[in-house]
Amino acid sequence: MAGLELLSDQGYRLDGRKATELRKVQARMGVFAQADGSAYLEQGNTKALAVVYGPHEIRGSRSRALHDRAVINCQYSMATFSTAERKRRPHGDRKSTEMSLHLKQTFEAAVLTELYPRSQIDIYVKILQSDGGNYSVCVNAATLAVIDAGIPMRDYVCACTVGFVDETSLADLCYAEESGGVSSLALALLPRGGQIALVQMDARLHQDHLDTLIEAAMTACKGVSKVLDQVVRQHLQEASTLQE
Amino acid sequence: MIKTEKTLHLRRFRGRKVRVVREHYLREQVPCFSSLCQADCANGIKVLPGDLTHYVVPDADVVVNYLEILELRELQGIIFTQTACQALHSKGRRCVYSAAVWYYNHLAGMMNVVMITEDEEAVAQYSSLHSGVYVISVQDYLQNFWPDLQAAQELYTSISQALEEKEAEDSQREFPEHLPAEVMEAGIKSGRYIQGTLSVNKHRALNEALVLTEGSCSQSMDLSSGVLVHGGKNRNRAVHGDVVVVELLPKSEWKGRVTALTEGQGDDRSADDGQENPMPTGRVVGVLQRNWRDYVVTFPSRDATQSQSRNCQRVLTIPWDRRIPKIRISTQQADTLQDHRVVVRLDSWESTSLYPNGHSVKVLGRAGELETEVQTILVENCIHVPAFSEAQMKEMPLSSPERPWRVDPAEAAKRRDLRDSHLVFSIDPVGCEDVDDTLSVRSLADGTLLELGVHIADVTHFVAEGSLTDLEARTRATTYYLADRRYDMLPAVLSADLCSLLGGVDRYAMSVLWELDAESLAVRRVWYGRTVIRSSYQLHYELAQALLNGEEVRVPELEQFCPEEKDLKLAQLIQALEMLTRVARHLRLQRDRGGALELEGVEVRAQLDKDKNITALVPRQPLEVHETVAECMIYANHWVARKIQESFPNRALLRRHPPPRQELFNQLVDTAKVMGFSIDTRTNKALADSLDRAADPQDPMVNRLLRMMATRAMSQALYFSTGSQPQDQFYHYGLALDRYTHFTSPIRRYADIVVHRLLTAALELEQGAEPAGILATNRELEELAQHINNKNWTAQRAQSASTGLFQCLFFRDRDPQTDLRCLADAIVYSIRDNGVLVFVSEYGIKGPVYLKNKEGQVVSAEPDGSCKWQSGKVRRYPSYITTTSGGCTSTFRLMSHITVRISVHSSNCHSDALVLEVVSNQPHRGSEPQRPASQGHRQLVQEVVRLAESAQQQAAHAPKLSREERDFLQSKTPNLYSILEEIRELALMDPEAVPRLTDPVKTGQ
């Protein structure tokens, strides 16, 4: 396990959190005027910027249009300065493509796409600083951006990564933990109904532990949703007072 | 939910310089764990006592470098900050200082806090900032606060010198550098290098070492017997136990191993190291993992120290373990430490140095003293048994003579109450304090059914899983029995009182009750569960045997009754004992049919007088009750094993005894062939039968020796988790049972505690309830089993080392030339190139006898049998060895009796060793070998008499003696075979011997 003690005997993690505690989440909505919706979200040191355009007419080939619902187009990219070692290519590599697909799936489950047939919604997410849990931060940022754009959703989509160490589930892994050999699981949740929009796990984990891990992920997601809700409410309040 | 946040900027190196940003969360509230706490911290168990003068907060550097000082038991109230533990150097000091200030404020100034650091700047910067928080260096701290604690000061100087040493080192290379890790890894993968554990030959520590490889890593050749590493240069600074990487040398440089006997002295005769059958030979190119532990070394005497010219502070010390190279230590106390045994830790071994550098940690005492030697054995076997800590003791229920602990009625209601319905009794060695097993037997349903019960102390009721006591017990894994003392696995309040099933008091127990058919003794029904019992009689073996033999003996528990009642109760007890014996005989017969083995182990106990001087070495006494009790316990273990294996097929802790490797029997078969017996080793049944047949009516020793050799060929019994082995591997070869575990001694063995928990869980599962705790998974259980196995081996090693120590102490005080007790009869059981291996049954000593000494002289026998050293030759044949000198030839045959003189080769730095010298090739004292059993026996009776006398003399010392008593008797239990064997041997003695044996003990009470 790379020689790192991920969970001390006293129950503290590397960065001083307890097992179930999330990193500090800070977010702002409506950061760009040009876009239909935008949001900036920090979860610990992972920082993401999400921009939403649409719904609008299908751009490019018309054949992609769906007659009964909107097409969601996602693009994920990482800034060249986002990781410890400078990245060569901000987007378009295999990892980013995969991540884009995951985002697309997640939001197809959450956005009420059937309200906008033959149209397209673009979600662009950029990671400015990467410190673990990129996928979940992207989802959380994109949710805020979609809400900012005024696109109707079934519920907030909240995502969180959880890991499993020493019989304990760690919520919201940071980079050091992710690279420390934890079997991690990313989960996107529609918290009110408790529906799972996406689960992703590519590590080995004993079947017996899966339930506890998913349970921990869902509690963590609900924690995130509370924060997001607060952010949205505060943003609305500010926006309405400005208009007055 | 969200905490204040702070980011730490760290610089790390990975190829290039990379800046990594990590966040760090600080929380407003952490529990302070102090008993002075005013702020209602969630402290749980308070570990910081309030009655100290100050608390100490060491900073990271101090923790890294001077941890040994902080480990001293005298220093208390040490606060290790998370910062110091992670040894984050940057900003560490400020954090530690803030922690110290926080503590001071948090406890409202009720406790002074001392921060210790080695950084002078920090001392200057912080020392005057805050009253009540002192910042000082380690040296000042020790001098001001602990002026009396000499040990700490010495430790400090020793470590700081070792640190200074590190810097100034330069001279030419003595060893090639180790390869970098990547190169080694790539080499191992490509098959160029071989990875393995280095194991140094104890007898030729300077030259021979084997690298034992795990699995078959190379397909091209057979490396299963290991790779030889010859000479110190090739070993390249690897120390015994390290995981190393070796490179094979070209075939022309391969060497063979030496098979001749050498004296343990390490003085290698470089001349003829065997070229005959060369084996793969290699050289160490790197060390993957150092497995350095604490070593015991001896400081040389002043006159013997060699090159003191360069720097008189550096001393080459000689480790106790011969396999470890000399260790260089910097110390100013070389003079005072002469001939002392000291615990050292290795720091480094530079390629420029012939010897590794170390620093001393703890002084054990002068070499040769009993206490020092016993401590040495403990350290060398990595047995760490500090007194139980305050926090652990706080978990224990209270019990004092004034307010004895009582059974809780609510708890008792949940259990089956056997207090009035069953006659429960225990049979243990004399003076046993921790009674963990009791028995009961009664007839049911008008005598058509028999109910046999085994009741085991319910330790798990008191030791909750995961509690501090549980963790400590898990680390210790077993109670350590040394020849003169023991180290308990559980605190004494449990092992000697609450868990111990003493007579006449109510106790919790885990019981197994069998309903047996009264005639056929077939099992009708088995009941497992928790019970409350009250043991009526606390018998000991001799007493129980006397009762069975129908003798008039006094049972202490019956003294208070009037004669009629007494007779009635006595009759009941005797009837129960007889029933028990009948059942046990039947069980034994069943297992014998299955092929259970009776094997032989040598076990001698040292008898001490009140100053701990050894007065005699006494072989152990076998009685039939031993077998009866052992048989019932085996039966209980077997049935519990069945139960937990059925309930938890993948994660039950069982014990298996794998069948031995056939090639290990070669020596036994060959030896037996020489004697005219054939040994069939194909199955355990065949082996048991052929061992029974292989008895020489003239000489009962032959059979004993053959059994002993069979024992040596056996593999070790092991704990394992059922999920990790296929079911056909569960078999217990020695006991001939398909499933076996350890259930009956939870006070002394951690495995039994685990089994108790499993059984409880199985019972809960049966009643449909969810088991309370989460059960260990297969992997965890397997790891635990491995740990317990290791600990058992170390316990066995320590025990035999301490027995050896006492043997040496016994002979050390006697003059081998004049004292007749140093002459003994020995029997030759193996032939080597330049000598023979003999067994001295009287003292249970096995050892080599040299027929050729270093000057090339050989032993030649005169016509009357006495032996002399003369120049000549030795020739070895399969069944005998001859020495030729000056035309006359003398022969030493396998299994022949010779007379040896036992003396002690005392060595300052290592453990003393017994030296056997042949005195005569005739049996000792002419007539006696015809009936050696009775000869040994007569002496034994004398010893027992003396034992009784000394017991009377020292009534005041009685507890000590009784403890020793049972140490020896109880230490037996890991090796059931030898108990059984001893019982079997009873048949060889004259029948009237038993009463004579027990008499003195009885009067001694």
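Me: Hi! Which residues are linked with E411(B) in a network of salt bridges?
Reply: In this predicted model, E411(B) is joined with K414(B), R415(B), D458(B) and R530(B) in a network of salt bridges.

Me: Nice. And how many salt bridges does the structure hold over all chains?
Reply: Over all chains there are 38 salt bridges.

Me: What lets side chains pair up like that, in general?
Reply: Side chains with opposite charges can pair when their charged atoms come close.

Me: Let's pick one. Which side chain does R290(B) meet in a salt bridge?
Reply: That would be D242(B), with an N to O distance of 2.7 Å. R290(B) sits in the loop between β10 (281-289) and β11 (295-298) of chain B, and D242(B) in the loop between α9 (232-235) and β9 (243-248), so the pair ties together parts that are 48 residues apart in sequence.

Me: Is D242(B) buried or exposed?
Reply: Buried, because its relative accessibility is 0%. R290(B) is partly exposed, at 27%.

Me: Okay, moving on. What does D497(B) pair with?
Reply: D497(B) meets R507(B) in a salt bridge, at 3.1 Å from N to O. D497(B) belongs to helix α14 (residues 492-498) of chain B and R507(B) to strand β22 (residues 506-517) of chain B; they are ten residues apart, and the pair links distant parts of the chain.

Me: And why does R507(B) count as buried?
Reply: Because R507(B) has 5% relative accessibility, and buried means under 20%. D497(B), with a relative accessible area of 23%, is partly exposed.

Me: What about R779(B), what does that one form a salt bridge with?
Reply: With E783(B); the closest N and O atoms are 3.9 Å apart.

Me: Where do R779(B) and E783(B) lie?
Reply: Both are in helix α22 (residues 778-812) of chain B, four residues apart, which is about one turn of the helix.

Me: Why does that spacing matter for direction?
Reply: An α-helix has 3.6 residues a turn, so residues three or four places apart point the same way.

Me: Is R779(B) exposed or buried?
Reply: R779(B) is exposed, with a relative accessible area of 65%.

Me: Change of topic: how many residues of helix α15 of chain B are buried?
Reply: Eight of the eight residues in α15 (residues 541-548) are buried, so the helix is largely enclosed by the rest of the structure. Among them are Y541(B), E542(B) and Q545(B).

Me: Which residue with a positive phi follows α15(B)?
Reply: G550(B) follows α15(B), and its phi is positive, near 75°.

Terms used
Residues are numbered from 1 along each chain as its sequence is written. Chains are lettered from A and ligands numbered from 1 in the order in which they are written. This is a predicted model: local features need pLDDT of at least 70, side-chain atom pairs count only at pLDDT 80 or more; totals for chains, interfaces and linings use all residues. Side-chain values use heavy atoms; hydrogens and water are left out. A salt bridge is a side-chain nitrogen of Lys or Arg within 4 Å of a carboxyl oxygen of Asp or Glu. Helices (H or I, at least four residues) and strands (E, at least two) are DSSP runs, numbered from the N terminus. Buried means under 20% relative accessible area, exposed over 50%, partly exposed in between (1.4 Å probe, protein chains only).
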